[in-house]
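Here are a few exercises to work through with the coordinates open. Try each one yourself before reading the solution.

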Amino acid sequence: MTHDAAVSNAREIASRVLAPSAGQNDKAGRFSTEAVKSLGESGLLGLMLPTNSGGSGLGPGTFAAVVATLAESDASVAMVYVMHVMGAAAIAAARPSAAPALAPILQEIGAGRHLSTLAFSEAGSRSHFWAPISRARRNGDGVHISAKKSWVTSAGYAQSYVVSALAPEGAGATDSTLYLLSAGTRGLSVAGPWDGLGLRANASAPIALDDCHVPSDFQLTDDGAGFPAMLNLVLPLFSLGTAAVALGLCRAAVAGTASHLKSARFEHLGQSLGESLPTLRAQLAAMQIETDGLSARIDDLIEHLEEPRETTMLRVLETKAAAGEVAISVTSVAMRVCGGAAFSKHLSIERLFRDAHAGAVMAPTGDVLREFIGKSLLGLPLF
Ligand SMILES: Cc1cc2nc3c(=O)[nH]c(=O)nc-3n(C[C@H](O)[C@H](O)[C@H](O)COP(=O)(O)OP(=O)(O)OC[C@H]3O[C@@H](n4cnc5c(N)ncnc54)[C@H](O)[C@@H]3O)c2cc1C
């Protein structure tokens, strides 16, 4: 698959599958299994996997374009996709001794029949996902894990979960290991409902792990090497993915607002809202400026990921922090410009507004990112 084919597949799925049902799925908090099926059939679930693992071997630029396209129609599905691509990347990067056991799973992902996700956050350490409370215990061939994973996108729908836990002999708070648990693992269960303010259709429910056995060939990283994998492999793509979701939301907000300003009319003046009020035109323009600024920032991050350099990690942190703020700002202006029509839920703007708030609270949260950036500018240790 080429870049253009991937984006065109995303566009087709967005208009045929996502757009018609996004509003209803949001209202009902319903996970779209048909969206995942379409993503699989179109080859998008294996987008970034190496070609020798059955994937398309495409890079961060294509990933961002696909995610933004999906998010324009349904940010819940776009975030399901982002978390899957993270999970797939972690599986593909597993230590060599796990490769034979994981090869069939990668082939299934490439064939579009396997959805994965990340289960990092825990009730005990909250948004500080780099410091799991749970600890793996050695047991025969592998480990046993018990954990309270507090939010897991696609909970109950994914075929596998990339799980973090402290390494059995880990001494520090970040000495974690990553493991792959299949959905059918005994002791793994969805531990509650998902009823979020935004991204309501992505099943980000808690998962309980009750003495789950993980054989050693499903241990993805060496003992204690989970933290560097989170930082160097997962975080850059997660920052890009969440920023692309934010971009899709902003584009949808601009388009929805422009459409409302053209169609809603002051009949007593014989003009549309947009023709009548310069203040609304100015706010629409400000939304467009912020959206294009975010797009440029994402392009800059893609360049930094394609050709890593000294400033790459700074860009990774900055992009997620900035994207969260821009999405909230643009969708908030859209709410104001579209007035009562948005407030009374006659437009999809209020869904975009609610969805936009998720990015900033997904870890690393915007606050944590600003704290990291500030510390690094002052030469202070981050952890
Ligand atoms: C829609 C959605 C999907 C999610 N999906 C997943 C998933 O698939 N996998 C997964 O592992 N997790 C997932 N999460 C969890 C997410 O990554 C965070 O762990 C979670 O949102 C943290 O919420 P909290 O209230 O526990 O944060 P808290 O840690 O209680 O934070 C509360 C406030 O304190 C601030 N804060 C915390 N630490 C600092 C600090 N050091 N400096 C400054 N401010 C700080 C935060 O920014 C926040 O404003 C998801 C969350 C959402 C909303």
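**Exercise 1.** Locate serine 134 and work out whether it is buried or exposed.

Solution. Start with the chain: serine 134 sits in the loop linking strand S1 (116-119) to strand S2 (137-138). Strands here are DSSP runs of E, at least two residues long, and helices are runs of H or I with at least four, numbered from the N terminus. This is a predicted model, so local features need pLDDT of at least 70 and side-chain atom pairs 80 or more, while totals for chains, interfaces and linings use all residues. Residue numbers run from 1 along each chain as its sequence is written, and side-chain values use heavy atoms, without hydrogens and water.

Next, accessibility: serine 134 has a relative value of 6%, so it counts as buried (under 20% relative accessible area; exposed is over 50%, partly exposed in between; 1.4 Å probe, protein chains only).

**Exercise 2.** Find what the side chain of serine 134 makes a polar contact with.

Solution. Check the side chain of glutamate 122: the two pair up at 2.6 Å. A polar contact is an N or O pair within 3.5 Å; within protein, one atom must be able to donate a hydrogen and the other to accept it, and sequence-adjacent residues count only if both atoms are side-chain atoms. Then widen the search to contacts (heavy atoms within 4.5 Å): skipping residues up to four places away in sequence, serine 134 touches Ser146, Lys149 and Ser164, among others.

**Exercise 3.** Work out the strand order of the open sheet of 4 strands.

Solution. The order reads S2-S3-S7-S6, with antiparallel pairing. S2 and strand S6 (188-190) are the edges, each pairing on one side only. Inside, S3 (residues 142-152) and S7 (residues 205-215) pair over 8 bridges (DSSP must find at least two bridges for strands to pair). Finally, valine 143 faces valine 214 in S7.
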